[in-house]
Amino acid sequence: MLPPSDPFIINLGENRVLDVVFYNGNDDRSSNNYVPVTKREVVWEISSKGIIDLDMYGTMSTLTAGIVKVTVRSKHNDVYHTRTIKVVSKP
């Protein structure tokens, strides 16, 4: 998971593995409401190519400085989440 800052800022040359956890929303306080999903159950989308590379497993590699939106979408229903990522050159 990315830290809650928006945009999430990462230096050019750094890489991350993005994880996904969905909230099941059943309000059962006796159970674990956060359900990890496998990489086969989600689809990753990026708003523009050339800033980052993102594979089907959530491995993100930075390519050049810029701003991109990353969306992860469940294959089972219309649940999704979008984050803005800003890739900056190291000072």
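The exercises below work through confidence, strand pairing and charged side chains in a predicted model.

Residues are numbered from 1 along each chain as its sequence is written. Local features need pLDDT of at least 70, side-chain atom pairs count only at pLDDT 80 or more, totals for chains, interfaces and linings use all residues, and side-chain values use heavy atoms, with hydrogens and water left out.

**Exercise 1.** State which elements have the lowest and the highest mean pLDDT.

Solution. Step 1: pLDDT is the predictor's confidence in each residue, from 0 to 100. Step 2: the protein has a mean of 81, and 73% of its residues reach 70 or more. Step 3: β4 has the lowest mean among the elements, 59, while strand β6 (residues 52-54) has the highest, 95. Strands (E, at least two residues) and helices (H or I, at least four) are DSSP runs numbered from the N terminus.

**Exercise 2.** Determine how strand β9 pairs with β1 and with β8.

Solution. Step 1: two strands pair if DSSP finds at least two bridges between them. Step 2: β1 (residues 8-11) and β9 (residues 80-88) are parallel over 4 bridges, with asparagine 11 opposite valine 88. Step 3: β8 (residues 66-74) runs antiparallel to β9 and is joined to it by 8 bridges; here valine 70 has arginine 83 as its bridge partner. Step 4: β8 and β9 form a hairpin, with 5 residues between them.

**Exercise 3.** Find the salt bridges and classify the accessibility of their residues.

Solution. Step 1: a salt bridge needs a side-chain nitrogen of Lys or Arg within 4 Å of a carboxyl oxygen of Asp or Glu. Step 2: the structure holds 2. Step 3: arginine 16 meets glutamate 14 at 3.4 Å, N to O. Step 4: glutamate 45 meets arginine 73 at 3.2 Å, N to O. This pair links distant parts of the chain, strand β5 and strand β8, 28 residues apart. Step 5: buried means under 20% relative accessible area, exposed over 50%, partly exposed in between (1.4 Å probe, protein chains only). Arginine 16 is at 32% and therefore partly exposed; arginine 73, at 24%, is also partly exposed.

**Exercise 4.** Describe what else surrounds arginine 73.

Solution. Step 1: arginine 73 lies over the face of tyrosine 80, 4.9 Å from the ring centre; the criterion is NZ of Lys or CZ of Arg within 6 Å of the ring centre and within 35 degrees of the ring normal. Step 2: glutamate 41 touches Arg73, Ser74, Lys75 and His76, not counting residues up to four places away in sequence (contact: heavy atoms within 4.5 Å). Step 3: glutamate 41 lies in the loop between β4 and β5.
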